[in-house]
Amino acid sequence: MGKLRSLCCMGPPQPASPAGTVDATAGVRVKVSDRYVEIKNGIFELTLSNPDGIVTGVRYNGLDNLMEILNKEDNRGYWDLVWNPPGQKTGIFDVIKGTEFRIIYHDENQAEVSFTRNWDPSLEGKAVPLNIDKRFIVLRGSSGFYTYGIYEHKEGWPDFGLGETRVAFKLRKDKFHYMALADNRQRIMPMPDDRLPPRGQPLAYPEAVLLVDPINPDLRGEVDDKYQYSCEDQYNNVHGWMSFDPPIGFWQITPSDEFRTGGPLKQNLTSHVGPTTLAMFLSAHYAGDDLSPVFTNGEYWKKVHGPVFMYLNSSWDGSDPTILWEDAKVQMMIEKESWPYYFAFSEDFQKTEQRGSISGRLLVRDRYIDDEDLYASGAYVGLALPGEAGSWQRECKGYQFWCRADEDGSFYIRNIVTGNYNLYAWVPGFIGDYKLDATLTIASGDDIYLGDLVYKPPRDGPTMWEIGVPDRSAAEFYVPDPNPNYVNRLYINHPDSNCRFRQYGLWDRYTELYPDSDLVYTMGQSDYSTDWFYAQVNRKVDENTYQPTTWQIKFNLDSVSPGSTYKFRVALASSARAELQVFFNDQNRGVPHFATGMIGRDNAIARHGIHGLYWLFNINVDSAWLAQGMNTIYLKQPRNQSPFQGLMYDYLRLEGPCDC
């Protein structure tokens, strides 16, 4: 292995490369001119436009600039958002440029600078009605810089919707060719030019391109799509790019999920061809409009996004990219352990002593499984703004704080920003959502112990049969091999079976498997891992025509209890402008026994996500709808305007009548 220079904890100065030197003991210096703000600490130099607050340059390890020098200065490293005025559905893209620059603090050990853009009534309809304060921090001896943003909508200001906000960095395409998101998700990437005709052929939607004549011939025949590199927020802690000449890593580290929306399962973009790396704070990806907050009636809102850390590292030997990746993971853990950062100067970013903690133990009570309460092992337990059970996955204005429970169901959530919350939970292996009835008020210094809490998952009677695993994902079902003409080779024979779904065009494989008739699943004979397709999609008839599909579940009942009610529980892992209609033993009746109406806009099918938002439907089944002997449940998805309209199932269960 080559030698690594981890610069955040360096000793004496060492040469960085033949072209430059490093002095990790140097103090932090700030130079302000009419056009730029330059901050340096002996390890790297950060250049920001004045007063815009755009990252125009990062000098490091002998390279004058890691940012894409061929781009205009306002298209290198920037904060942006997408917003819409009332009644306007099309979002307005806005690269956030400050109008006023201030030095918040500067000494030998630290510099924090601010670029603000304030709203006033003369801007109504022209700019998003927010005061925005973008901050950048450089520390002595630190190989990287921090950035965070404070957004404020004052009382009485105009209504608006916020579709997305993030920080984006566009690196030099002549240097950064290797991208890493996880131990088993890293590779040499295509060039941005490869995505353009004639080198690239657009596919069913703009983000997906077939590489027909890439600059690197080894990539010929692959599909490039930024959504193939999405990640759940709970695992989205570090990602970025590496240059081999010189050996340099540029990493985006997110030490906390508290400022992200939608909870730990929310999926977001990471890094992708550009070379681009993103810190996503709020987006509708894999959720739709449910996760685009709307601010109405002049409501007050203020939130801190970040800080996130842009980490730079280098090695003497560029032959092994895993060296830089392993070091970036170590730095990610250091950042997580340092949260909340003591050095961020904004009073809106609470420090450790200002925050509170909460703990307890969660148990599960299901008398049809065990007479004793069960430990909620591995449960997701979190705090979010008050709402209904399960509302956390659509919550997009406040902070959220989550942990995974221990084997005995014990949980401890630290560093909670003060405020009012509900406590929510869901338990892998059980359907539904838990919510503690009481509203919890967290004050500075609180350490609240809740004792034993009991979740009673939805259950009316004994299990007659079940399909799948209640884990809010369709990953346990049959995910087909990709069409060999549309592959991302990273995911061929991938060691993590949960990455099989990250291929383009899997939806069309349903038509190949079921060209004339639909899926039929027979209880006692079929196996959901091989016989239940991962998504109920439409059948392709020709290039622009699709047929709706109706799946069947066949099962035998030795007897039916007359005059009683059975329960059919359907948990969906995703819905994309789809509808679920359920028929019991009669698919030709004019009206289904149950229908959801059109639900969901999460686009998980098109964007290679194995889930979007979670839906649970509890359907009362009259015993008159069932028969002794063989029965058939018909699951119809009738909407067929697009190949991407469809459902992903999480779990299905038929319960017998209550025997209480």
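**Pairing, charge and rings in a predicted model**

Strands β40 (residues 539–542) and β41 (residues 545–547) run antiparallel and are joined by three bridges. Strands here are DSSP runs of E of at least two residues, helices are runs of H or I of at least four, and both are numbered from the N terminus. Two strands pair if DSSP finds at least two bridges between them.

The model is predicted, so local features need pLDDT of at least 70 and side-chain atom pairs count only at pLDDT 80 or more, whereas totals for chains, interfaces and linings use all residues. Residues are numbered from 1 along each chain as its sequence is written, and side-chain values use heavy atoms, with hydrogens and water left out.

Two bridges hold β45 antiparallel to strand β44 (residues 581–584), and Val582 has Phe594 in β45 as its bridge partner.

The other has three strands, ordered β17-β18-β19, and its pairing is antiparallel. Because β17 (200–202) and β19 (223–224) stand at the edges with a single partner strand each, one side of each is left without a neighbour in the sheet. Between β17 and strand β18 (residues 209–211) there are three bridges in the antiparallel sense. Pro202 is found opposite Val209 in β18.

Let us consider Arg472. Is this residue buried or exposed? Arg472 counts as buried, because its relative accessibility is 4%; buried means under 20% relative accessible area, exposed over 50% and partly exposed in between, with a 1.4 Å probe and protein chains only. Arg472 is placed in the loop between β37 (463–468) and α2 (509–513). Its side chain reaches the backbone oxygen of Gly432 at 2.9 Å. The side chain of Arg472 also makes a polar contact with that of Asp433, at 3.0 Å. A polar contact is a pair of N or O atoms within 3.5 Å; within protein, one must be able to donate a hydrogen and the other to accept it, and residues adjacent in sequence count only if both atoms are side-chain atoms. Beyond its neighbours within four places in sequence, Arg472 is in contact (heavy atoms within 4.5 Å) with residues including Leu265, Trp392, Trp426, His611, Tyr614 and Asp650.

Salt bridges follow. The count comes to 41, a salt bridge being a side-chain nitrogen of Lys or Arg within 4 Å of a carboxyl oxygen of Asp or Glu. In one of them, the closest N and O atoms of Arg135 and Glu112 are 2.7 Å apart. This pair links distant parts of the chain, 23 residues apart, with Arg135 in strand β12 (residues 131–139) and Glu112 in strand β11 (residues 110–117). Arg135 and Glu112 are both buried.

Lys173 and Asp193 also form a salt bridge, at 3.1 Å from N to O. Lys173 belongs to the loop between β14 (160–170) and β15 (176–182) and Asp193 to the loop between β16 (185–188) and β17, so the pair ties together parts that are 20 residues apart in sequence. Lys173 counts as partly exposed because its relative accessibility is 23%, and Asp193 is partly exposed at 32%. Elsewhere, a network of salt bridges links Asp460, Lys567, Arg569, Arg653 and Glu655.

Arg394 takes part in two kinds of interaction. It forms a salt bridge with Asp290, with the closest N and O atoms 3.0 Å apart. The charged end of Arg394 also sits over the ring of Trp615, 4.7 Å from its centre. A charge sits over a ring if NZ of Lys or CZ of Arg is within 6 Å of the ring centre and within 35 degrees of the ring normal. Lys397 lies over the face of Phe295, also at 4.7 Å from the ring centre.

Finally, the aromatic pairs. How many does a search of the whole structure find? The search finds 53, where rings of Phe, Tyr and Trp (its six-membered ring) pair if their centres lie within 6.5 Å, with planes under 30 degrees apart called stacked, over 60 edge-to-face and the rest tilted. Trp507 and Phe644 have ring centres 4.8 Å apart and planes at 85°, so this pair is edge-to-face. Since Trp507 is in the loop between β37 and α2 and Phe644 in the loop between β48 (629–637) and β49 (646–655), the pair ties together parts that are 137 residues apart in sequence. Trp507 and Phe644 are both buried.
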